[in-house]
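Please look through the sequence and the model before reading on.

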Amino acid sequence: MNGLKHQKEKRSMNHFAGLDVSVKETSICIVDDTGGIVREVKVASEPDALLAVLKSQSYHFKRIGLEAGPLSQWLFSALAEAGLPAICVETRHMRAVLQAQINKTDRNDARGIARMMRAGLYRSVHVKTLRSQKLRMLLTHRKLLQSKAIAIENDLRGTLRNFGLKVGMVGKLKFEARIKELVENLPDLTVLVEPLLIVRRVLREQTAVLHRRLLAIVRDDEVCRRLMTVPGVGPVVALTYRATVDVPARFKNSKAVGAVFGLTPSRYQSGEIDRTGGISKCGDEMMRVMLYEAAQILLVRSAKWSWLKAWAMQIAKRRGMKKAIVALARRLAAIMHRIWVDGTEFRWSRQEAAAA
């Protein structure tokens, strides 16, 4: 009878799990309502191995925490599909909590995560949908190829300058011809330059392939087309925004988007000290850079007038161009979110915006 009573009490208790995930293995710690350790085990970082432990009838999980990382989206999806209450925890917040431990081991980290889940001391992050993950992969690979091609071009400019050969101002289409022209009568340099030119050519060709794929996706995506009605926002910015935000309903209001992308000022307050610093630079760096570039294009290059540009120019007069661009980038994030949620397009005048 006592054994049966003990089993019923065990089933009625809530359980919390912490998963310290690495590439090969994951340390699992399971605690109960009282904080007592129920089980500790290390398994392979594979969904089947995790579910073999966590799907046991002996546990009634309330929260299962794992840190945001390279494998977290894959493992989180598998746990969620199995009906387990998985939570992906923000990396910086988790590290700050776990730093209080004297000894850092996988086992101790799993214990710390499990206790965070029990105490509710965590900040969850949104795990992107599969489609957004694929879009993000396209954007990341395109940017990678582009940056490598630019790095090769800069290296060629720098190394040839050592021999008095100046490339000068030349576009990417005529770059290869210009390099060949400079080394035409220098066979020893030609054999050194040619491999880099071949690699650069391939990088540029494959970047163009990915860019065409990007444009095709944007053309067929109704949300991206509406986002592109905002001045300064092109196909790359629109698709990056779509892939990063993923689910617009996860933001309580449009103004919150700028803070998530690290475009709001940081603040330090302690006693009599109350200091406001630069932008926090938290969140997604790619999206933050894209919004900044879109704001710069709108403010500096765009010739068409809009209430948004007029608003940013007023800030530029009072506080300078850099702060105006940051403020405009933050506002662009909010406007694009509102356009997405409302199913509308950008309104160029204040009258149009007020009439909506």
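In which sense do strand 1 and strand 4 pair, and over how many bridges? Strand 1 and strand 4 (residues 61–67) pair in the parallel sense, over 5 bridges.

## About the model

This is a predicted model, in which local features need pLDDT of at least 70 and side-chain atom pairs count only at pLDDT 80 or more, while totals for chains, interfaces and linings use all residues. Residues are numbered from 1 along each chain as its sequence is written, and side-chain values use heavy atoms, with hydrogens and water left out.

Helices (H or I, at least four residues) and strands (E, at least two) are DSSP runs, numbered from the N terminus. Two strands are said to pair if DSSP finds at least two bridges between them.

Five strands form an open sheet in the order 3-2-1-4-5, with mixed pairing. Strand 3 (37–44) and strand 5 (86–89) stand at the edges with a single partner strand each, so one side of each has no neighbour in the sheet. From one strand to the next the twist averages 20°. Helix 4 (residues 91–98) packs on the sheet, where it touches strand 4 and strand 5, and its direction makes about 100° with that of strand 4; such axes are lines fitted to C-alpha atoms, for helices over the stretch in contact, and the angles run from 0 to 180 degrees between N-to-C directions.

Strand 1 (residues 15–21) is largely enclosed by the rest of the structure, because 6 of its 7 residues are buried. Here buried means under 20% relative accessible area, exposed means over 50%, and partly exposed lies in between (1.4 Å probe, protein chains only). Strand 1 is joined to strand 2 (residues 25–32) by 7 bridges, and the two run antiparallel, with a hairpin of 3 residues leading from strand 1 to strand 2. In this pairing F16 has V31 as its bridge partner, and L19 stands opposite I28. On the strand 4 side, the bridge partner of H15 is F61.

## The nonpolar cores

A nonpolar core is a set of buried Ala, Val, Leu, Ile, Met, Phe, Trp, Tyr and Cys residues joined through side-chain atoms within 4.5 Å. The largest one has 47 residues, of which L239, Y241, F261 and L291 touch the most other members. Several helices each supply at least two residues of this core, including helix 6 (130–161), helix 8 (187–220) and helix 10, and its largest share, 11 residues, comes from helix 14. Apart from this core lies another, of 19 residues, among them I28, I30, Y59 and F61.

Helix 14 (residues 321–342) has 22 residues and reaches 31 Å from its first C-alpha to its last, close to the expected 32 Å; the expected span is 1.5 Å times one less than the number of residues. After helix 14 comes G343, whose phi is positive, near 70°.

Which residues does Y241 contact, leaving aside its neighbours within four places in sequence? Among them are L227, F261, A333 and W340, where contact means heavy atoms within 4.5 Å. A238 lies in helix 10 and is buried, with a relative accessible area of 0%; beyond its neighbours within four places in sequence, A238 is in contact with C224, L227, M228 and V233.

T244 also has its place in helix 10 (residues 235–245) and is buried, at 3% relative accessible area. A polar atom of the T244 side chain lies 2.6 Å from the backbone oxygen of T240.

In the loop between helix 10 and helix 11 (256–260) sits S254, which counts as buried at 8% relative accessibility. The side chain of S254 makes a polar contact with the side chain of H337 (2.9 Å); a polar contact is a pair of N or O atoms within 3.5 Å, and within protein one must be able to donate a hydrogen and the other to accept it, while residues adjacent in sequence count only if both atoms are side-chain atoms.

## Two positive phi values

Most residues other than glycine have a negative phi. D246, in the loop between helix 10 and helix 11, has a positive phi, near 65°, and K281, in the loop between strand 7 (273–279) and helix 12 (285–301), has a positive phi near 55°. D246 counts as buried at 8% relative accessibility, whereas K281 counts as exposed at 57%.
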